[in-house]
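Subject: Structure handover

Hi,

Here is the structure I promised to pass on to you. Have a look at it first, and then read on for what turned up.

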Amino acid sequence: MDIDRRDFMQIAMALGLIGATGGGTNLFAGEAGKEKIKSLTFSDIVEFEAKGKATILHICDLHAHIKPLYWREPSTLISAKNLVGTPGFICGDSFLKHYDIKAGSLDQYFDTHNNFADLAKKFGKMGGISHMKPIIDHVKKERGEKNVLLLDSGDTWQGTAVALKTKGEAIVDAQNYLGVDVMVGHWEFTYGKERVMELIKKLKGEFISQNVLDNDAFSDTFEESVFPPYTIKEIGGAKIGIIGQSFPFTSTANPKRFTENWSFALRHDSLQEHVDHLRKKEKVDCIVVLSHDGFSVDQELAKKVKGVDFILSGHTHDPSPEPIIVNDTVIIISGSHGKYIGRLDLDIKDKKVAGYNFKLIPVASNLIPADKAGDELIAKAYKPFDKELNEVLGTTKGILYKRDTFYSTFDSLIGQAIQDKVKSDIVFTPGYRWGTTVLPGGDILKDNVYEMTAITYPEVYTFDLKGSVIAKLMEDIADNVFNANPLLQQGGDMSRLTGASYSIKIDAKSGERISDFKIGGKPIDVKKTYRVSSWGGNLQSVGENMDKETPAVYEVVSDYIRAKKVIDIPLESNVKVLDYSCGCPAKGAKC
């Protein structure tokens, strides 16, 4: 798709954007941009210092958002003291300072929560496949189509209504439209083994994973890889070995029934074996691990596995404008929800990587005219569901957002809706990282509710649970989220609680982090039995006296918004952090 200066200028001027671009960062920020905007072209977005002859484009954690959306980054992002303020655990002002990003810029809007609502009005929505495609096409035209690969780190098929209702097919159609060459998975597996295999057949690209094994002792393929562990691609005259690493904790993070008799793990030993094989037997020039481990876990992986040139990470949704280099392995991650396309140019000489250049290309959908074929694909996918999904359920006074370590307004809304319906004492909402954002004063569509809850196991369970079990459960969750060893963090933020509050000391000993735990405003009684509601997890398995009715969470929330009409959720969290005085501490846990 060719975009001329006139088309681009009309959109840019209509937005009233002001700013200058420098080195691909701080786009449209500051007074100096008043003159620059007059000559702004599409090339300003995709400007890149090309290197070598081979290019890898990278996307991750699309979560089925084929339409543009608003996505607010976290205002609280805390982990163990040794990890706080390091790439993967940076947000807000700390992020701006770390990457030298100017206030009011497109980068600030894409990468932080700072001044989000105002910048959203200035820059518009992010992502969308019909806006991603022109960037991909531009790079292929510049470099030559046979010299470019598009790699997908997974969490692609799940997260929206159209994905749920088509059992992932609409999203595979979108991947084929974008031209995805290779992918790995995580939430993909929640469609079940049979459906996963059906969708892989529909995918024009390859699905690889070295760390998913057949665990059925009666199978002919017992302890063999379920999927091809790697693939070899030739681009720009270079031979690239790509090894797949799907989410290693899938069978614990999601219901086991979806992947029964499949075994998931990190499997660093077998990964090393594949690296050695590709180097010695296949004689590849470059080795890429296409990963869904998570950004911090992949930094640990690079310490354990030798000979990997690049890790293209996913799962933790981090936008990282600069690569992380660990033991000569370069690690990149490209945000989430279609906000970015990572571009990695490789210079291959004498059978090895001699150099590279990398950039996150922002998919600023109001600045990139949509590809017509992409818009038609989206319209076709949504048409059977338009009436339901376009229903305006109500409006919100404040911002509804998802991502945060402890609390978010959209999760609070979900919890309130569940508690209102079933009258439970406490509601557990999972700390998923995917979703959407609704701006203050905005309409809440049924589609938005699905964007926060569209899973294949949406049942809301209500049951009895002892206070002692609840207290231990929260400590166990904290051990996962705040473990000092990234390899022991199985993903996700803290479960969100409605009807309860607590204080937490992140750096306390395991099992001693949480204090002042209150349910219904009163201190938790470990001997008391509480009425508990939960969804999206497995907590119901330890409960008793379960309600027969298990309504779908998206219907419970939709009914609640319809009844309330106007939603007003406070920004104040119900969790007090005792050892950090801010939500976005810098390295060394400094605020």
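Below are the findings, going from strands and helices to aromatic side chains.

Please keep in mind that this is a predicted model.

**A buried strand**

Let me begin with strand β3 (residues 54-59). Six of its six residues are buried, so the strand is largely enclosed by the rest of the structure. Ala 54, Ile 56 and His 58 point one way from β3, while Thr 55, Leu 57 and Ile 59 point the other way, and all are buried.

Which strands pair with β3? One is strand β15 (residues 340-349), which runs antiparallel to β3 and is joined to it by five bridges. Here Ala 54 stands opposite Leu 346 of β15. Another is strand β4 (residues 148-152), paired with β3 in the parallel sense, also over five bridges. In that pairing Ile 56 faces Leu 149 of β4.

Elsewhere you will find an open sheet of six strands with mixed pairing, in the order β8-β9-β11-β12-β14-β13. The edges are taken by β8 and β13 (324-326); each has a single partner strand, so one side of each is left without a neighbour in the sheet. On average, neighbouring strands of this sheet are turned by 25 degrees against each other, direction ignored.

Thr 231 has Ile 242 in β9 as its bridge partner.

Two helices lie across strands of the sheet. Helix α12 (residues 268-280) lies across β8, β9 and β11 (286-291), running at about 165 degrees to β9. Helix α13 (residues 295-304) lies across β9, β11, β12 (310-313), β13 and β14 (329-333), and runs at about 170 degrees to β14.

**A helix pair**

Next come helix α7 (residues 129-143) and helix α9 (residues 169-178), whose axes come within 9 Å and cross at roughly 25 degrees. With angles under 35 degrees counting as roughly parallel, that makes α7 roughly parallel to α9. On the α7 side the contact involves Ile 129, Ser 130, Met 132, Lys 133, Ile 136 and Lys 140, and on the α9 side Ala 174, Tyr 177 and Leu 178.

**Aromatic side chains**

How many aromatic pairs does the model have? The count comes to 23. One of them joins Trp 187 and Trp 434: the ring centres are 5.7 Å apart and the planes stand at 85 degrees, so the pair is edge-to-face. This pair links distant parts of the chain, 247 residues apart, with Trp 187 in the loop between β5 (182-183) and α10 (193-202) and Trp 434 in the loop between β18 (426-429) and β19 (443-445). Trp 187 is buried at 4% relative accessibility, and Trp 434 is buried at 2%.

Phe 227 and Trp 262 also pair, with centres 5.4 Å apart and planes at 80 degrees, so this pair is edge-to-face. They are 35 residues apart: Phe 227 is in the loop between β7 (212-214) and β8 (230-235), and Trp 262 is in strand β10 (residues 262-264). Phe 227 is buried, with a relative accessible area of 4%, and Trp 262 is buried at 10%. Both belong to one aromatic cluster that also includes Trp 157, Phe 189, Phe 207 and Phe 264.

Finally, two charges sit over rings. The charged end of Lys 67 is over the ring of Tyr 382, 3.9 Å from its centre, and that of Arg 72 is over the ring of Tyr 401, 3.9 Å from its centre.

Best wishes

Methods:
Residues numbered from 1 in each chain as written. Predicted model: local features only at pLDDT ≥ 70, side-chain atom pairs only at ≥ 80, totals over all residues. Heavy atoms only, no water. Phe/Tyr/Trp six-rings, centres within 6.5 Å; stacked < 30°, edge-to-face > 60°. Helix = DSSP H or I, 4+ residues; strand = E, 2+ residues; numbered from the N terminus. Buried < 20%, exposed > 50% of the residue type's maximum accessible area, 1.4 Å probe, protein only. Lys NZ or Arg CZ within 6 Å of the ring centre and 35° of its normal. Pairing = 2+ DSSP bridges. Axes fitted to C-alpha atoms, helices over the stretch in contact; angles between N-to-C directions. Parallel < 35°, antiparallel > 145°, perpendicular 65-115°, else oblique. Contact = heavy atoms within 4.5 Å.
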